[in-house]
2 protein chains.
Amino acid sequence: MKPLIFITNDDGVNARGLQSAIRIARRFGRVVVIAPEVVQSGKSHAITMFSPLFLRHVRSEEDLEVYAFSGTPVDCVKMAFDHLLKDQKIDLVISGINHGSNSAISVLYSGTMGAAIEGSFYGSPSVGLSLLDHSDNADFEAAEEYGARIVERVLAGGLPLPLCLNVNVPVLPTDQIKGIKVCRQNKGYWKEEFFCRQDPRGKDYYWLTGDFFNAEPEATDTDEWALANGYVSVVPIQVDMTDYSRIDPLTDAFGN
Amino acid sequence: MKPLIFITNDDGVNARGLQSAIRIARRFGRVVVIAPEVVQSGKSHAITMFSPLFLRHVRSEEDLEVYAFSGTPVDCVKMAFDHLLKDQKIDLVISGINHGSNSAISVLYSGTMGAAIEGSFYGSPSVGLSLLDHSDNADFEAAEEYGARIVERVLAGGLPLPLCLNVNVPVLPTDQIKGIKVCRQNKGYWKEEFFCRQDPRGKDYYWLTGDFFNAEPEATDTDEWALANGYVSVVPIQVDMTDYSRIDPLTDAFGN
């Protein structure tokens, strides 16, 4: 039987990047999509605790079922594994293709990567795919081509679980991409500027807008370097956030 | 001059746990609070990208200003560091006291810890405080006492930055807590059960509800063990999610 591939994203069920992910997956298997009803960019690993969630069937084609869900990307993954597909083995999770980068510390803010990480918790290999172009009319050709290569390799098996990959694709024609670089998450952070406006009643409101600061622009083994130098970046993700180097000194500091 | 302490949480500006955090902080310094207008539990590291954000001044007392913000916990931190307090040095961030545990993998889903982590990105030591009781009428006495001890030690200085602590307090009277245990994040995951209900028009909807599965119940150096054995757990947090052990094998697998 063809492998079962589950797809979600954070740009919502109508995003063009989702169609690219579906095209990739249909080359290799049966596909079930549960994508958010509305855009969920920046939703990180958020789950919905205090609202009821509605699941809507959108369309069926051969080996393809598409649903929309009223929750976050992580809610979509949980709905797949713990409810809709709970009696089936999901062979792969694809999240994306995201409109915009999820490299470096953006992995933490990203709804795309929140969903990919959640998928890996259920024991399925998970691939988050992002293209460094957040425009609605982005060209997904290279991302689709490299996404398919990575999906094909993962489905071929032999890569130990858990497996979660943060894949980012530079904005280049396919034939100008130099290849795939497996690398580490670049250190850095986002600094925001709040744009202040006034509503029609004279009340101030704010828009969040920010810039990424690369804390190690010289490093050549990071995702930022790979992307800036024409490679597709692949960062293997783990979720132990313990800073082991601090356990002994803090044990002394707190007197236990 | 007294140190400046910034406080936020994920249970919202009206939560009782927030008042406990304010009481802790006022023992040591001047306090500014920007807390979410409404409950933001489970909001992880989410930011608000597609809605305008409103800031509301709630009250002033001596060395205390309280604001409510219409965004997520991470939005509150960004509003403090990048706008409201951007010309001042923030000496400490406290997030909490959360109504409910944020131990083990819950660090990833938690709005409380999202905010604490975000605070540490701006170079301030950050402490996320959580009590293992999510009821509205939880007894915060022990959490307040141990929270104050930890805050006092952090403010005393000498702990290298970045510093972000995930502090969880068991549900015990203060004198039955055995002390503070600096430890690592327990491995495990949440598995959900979707409760299905019908709305008045006969449409199905779902509530997310889950249980934590401890993947290493025998381990004695984890936050789960510490909490189950009467200790306050303190996990130092870092945000490099790269799985370094996978870089070489995946480099081979992807043929570069």
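**Figure 1. Salt bridge between Arg184(A) and Asp221(A).** The side chains of Arg184(A) and Asp221(A) form a salt bridge with an N to O distance of 3.0 Å (a salt bridge being a side-chain nitrogen of Lys or Arg within 4 Å of a carboxyl oxygen of Asp or Glu). Because Arg184(A) lies in the loop between E8 and E9 of chain A and Asp221(A) in the loop between strand E10 (204–214) and helix H6 (223–228), the pair ties together parts that are 37 residues apart in sequence (helices, H or I of at least four residues, and strands, E of at least two, are DSSP runs numbered from the N terminus). Arg184(A) is buried, at 11% relative accessible area, whereas Asp221(A) is partly exposed, at 42% (buried means under 20%, exposed over 50%, partly exposed in between, with a 1.4 Å probe and protein chains only). The model is predicted: local features need pLDDT of at least 70 and side-chain atom pairs pLDDT 80 or more, while totals for chains, interfaces and linings use all residues. Residues are numbered from 1 along each chain as its sequence is written, chains are lettered from A and ligands numbered from 1 in the order in which they are written, and side-chain values use heavy atoms, without hydrogens and water.

Figure 2. Arg149(A) pairs with Glu145(A) in a salt bridge, the closest N and O atoms being 3.2 Å apart. Both residues lie in helix H5 (residues 141–155), four residues apart, about one turn of the helix. Arg149(A) is partly exposed at 39% relative accessible area, and Glu145(A) is partly exposed at 28%.

**Figure 3. Surroundings of Gln185(A).** Gln185(A) is located in the loop between strand E8 (179–182) and strand E9 (188–198) of chain A and is buried, at 4% relative accessibility. A polar atom of the Gln185(A) side chain lies 2.9 Å from the backbone oxygen of Val239(B). Residues touched by Gln185(A) include Ala104(A), Glu216(A), Asp240(B) and Met241(B) (contact means heavy atoms within 4.5 Å).

**Figure 4. Interface of chain A and chain B.** The contact takes 77 residues from chain B and 77 residues from chain A. The two chains bury about 7000 Å² between them, 67% of it on carbon and sulfur atoms (buried area is the accessible area, 1.4 Å probe, that two parts lose on being put together, summed over both). In chain B, Tyr206(B), Met241(B) and Phe254(B) lose the most area to chain A, together 12% of what that side buries. Six salt bridges are counted between the chains; one of them joins the side chains of Lys78(A) and Glu192(B) at 2.6 Å, N to O.

Technical notes
A polar contact is a pair of N or O atoms within 3.5 Å; within protein, one must be able to donate a hydrogen and the other to accept it, and residues adjacent in sequence count only if both atoms are side-chain atoms. Lists of a residue's contacts leave out its neighbours within four places in sequence.
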